[in-house]
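Subject: A structure for you to explore

Hi there,

Here is the structure I promised to pass on to you. Have a look around it first, and then read my notes below.

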Amino acid sequence: MTDTSEIYLDNAASTEPYPEVIEAVAATMRETYGNPSSPHQKGAAAKAMLEASRQTVADALGALPEEVFFTSGGTEANNLAITGACLAHKDQKGQIITSSLEHPSVTKTIRGLKRDGWDASYIDVQRGRLDLEQMARAVQASTILISMMYVQNELGYIYPLNEIVGIRDHRAERALLHIDAVRPLASWMCGHMRWGQSF
């Protein structure tokens, strides 16, 4: 075979951006590179762009702009959400529920919280199915946080979010629910967006 063209099979981890995205990033780096916390003109322009982006994301999610936080990626976001949820309940140190197939950014964060005295329960996933009966038994009044993926990052298993929410609502309605939706959101955006379109 003389065909040496590349076959790239890791788009789940990182996908080539659209040319429009590359140009928009380059233009921002050329023109709006100021520190958004600085009071000078370049800083003010960067702050305006940052806040406009925050509003766009908030509108897409049906959220308030002040509820949108930008992070460097999914790992930092998962750590922030899980640690923040538990620190908000540090006087209770209740139970955390997660699955046995979560991303390391979730499992390592929960492992650290266990060392600090939190209880963690891991729900089995067999042949692509989250064990909802086990989950229903595990969730209790002391459950503070349920952290689950929407789509498993390596195997592609889709977790039943409606059923997870139903168990939470029935067994521990005050428990916070953290959904790692990096994989489906990234895939959806790659398949349906062009730079400048709203989603």
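Before anything else, please keep in mind that this is a predicted model.

Let's begin with the overall layout. The protein has seven helices and six strands. Starting at the N terminus, the order of these elements is α-α-α-β-α-β-β-β-α-β-α-β-α. Of the 199 residues in the protein, 29% are buried. The exposed surface comes to about 13100 Å², and carbon and sulfur atoms supply 54% of that area. As for contacts within the protein, take those with a separation of 6 or more: 63% of them are accounted for by residues 24 or more positions apart.

Next, a pair of helices. Two packed helices are described by the angle between their axes and the distance between the axes. Helix α3 covers residues 74–87 and helix α4 covers residues 104–115; they pack at an angle of about 30°, and their axes are 9 Å apart. How are α3 and α4 oriented relative to each other, roughly parallel or roughly antiparallel? Angles under 35 degrees count as roughly parallel, so α3 and α4 are roughly parallel to each other. Their crossing is right-handed. On the α3 side, the contact is made by Gly74, Thr75, Asn78, Asn79, Ile82, Thr83 and Cys86. On the α4 side, Ser105, Val106, Thr109, Ile110 and Leu113 take part.

Two of those names come up again around Ser147, which sits in strand β5 (residues 143–149). Is Ser147 buried or exposed? Its relative accessible area is 0%, so Ser147 is buried. Leaving aside residues up to four places away in sequence, Ser147 touches Ile82, Ile97, Thr98, Ser99, Glu102, Val106 and His178. Ile82 of α3 and Val106 of α4 are also part of the helix contact described above.

Asp180 is found in strand β6, which spans residues 176–180. With a relative accessibility of 6%, Asp180 counts as buried. Not counting residues up to four places away in sequence, Asp180 touches Asn78, His103, Met148, Met149 and Tyr150.

Now move to helix α2 (residues 41–61), where you will find Ala46. Ala46 has 9% relative accessibility, and buried means under 20%, so Ala46 counts as buried. Which residues does Ala46 touch, not counting residues up to four places away in sequence? They are Thr32, Gly34, Asn35 and Pro36. Tyr33 is 13 residues from Ala46 along the chain, and the C-alpha atoms of Ala46 and Tyr33 are separated by 6.5 Å.

Finally, here are two backbone details to look up. Most residues other than glycine have a negative phi. Lys93 has a positive phi, near 40°, and Arg127 also has a positive value, near 50°. Lys93 lies in the loop between α3 and β1 (95–99). Arg127 is placed in the loop between β3 (125–126) and β4 (129–130). How do the two residues compare in exposure? Lys93 is partly exposed, with a relative accessible area of 38%, whereas Arg127 counts as exposed at 83% relative accessibility.

Enjoy exploring, and write back with any questions!

Best wishes

Key. Residues numbered from 1 in each chain as written. Predicted model: local features only at pLDDT ≥ 70, side-chain atom pairs only at ≥ 80, totals over all residues. Heavy atoms only, no water. Helix = DSSP H or I, 4+ residues; strand = E, 2+ residues; numbered from the N terminus. Buried < 20%, exposed > 50% of the residue type's maximum accessible area, 1.4 Å probe, protein only. Contact = heavy atoms within 4.5 Å. Areas by Shrake-Rupley, 256 points an atom, 1.4 Å probe, with all protein chains shown as cover. Axes fitted to C-alpha atoms, helices over the stretch in contact; angles between N-to-C directions. Parallel < 35°, antiparallel > 145°, perpendicular 65-115°, else oblique. Left-handed = near helix turned anticlockwise from the far one by under 90°.
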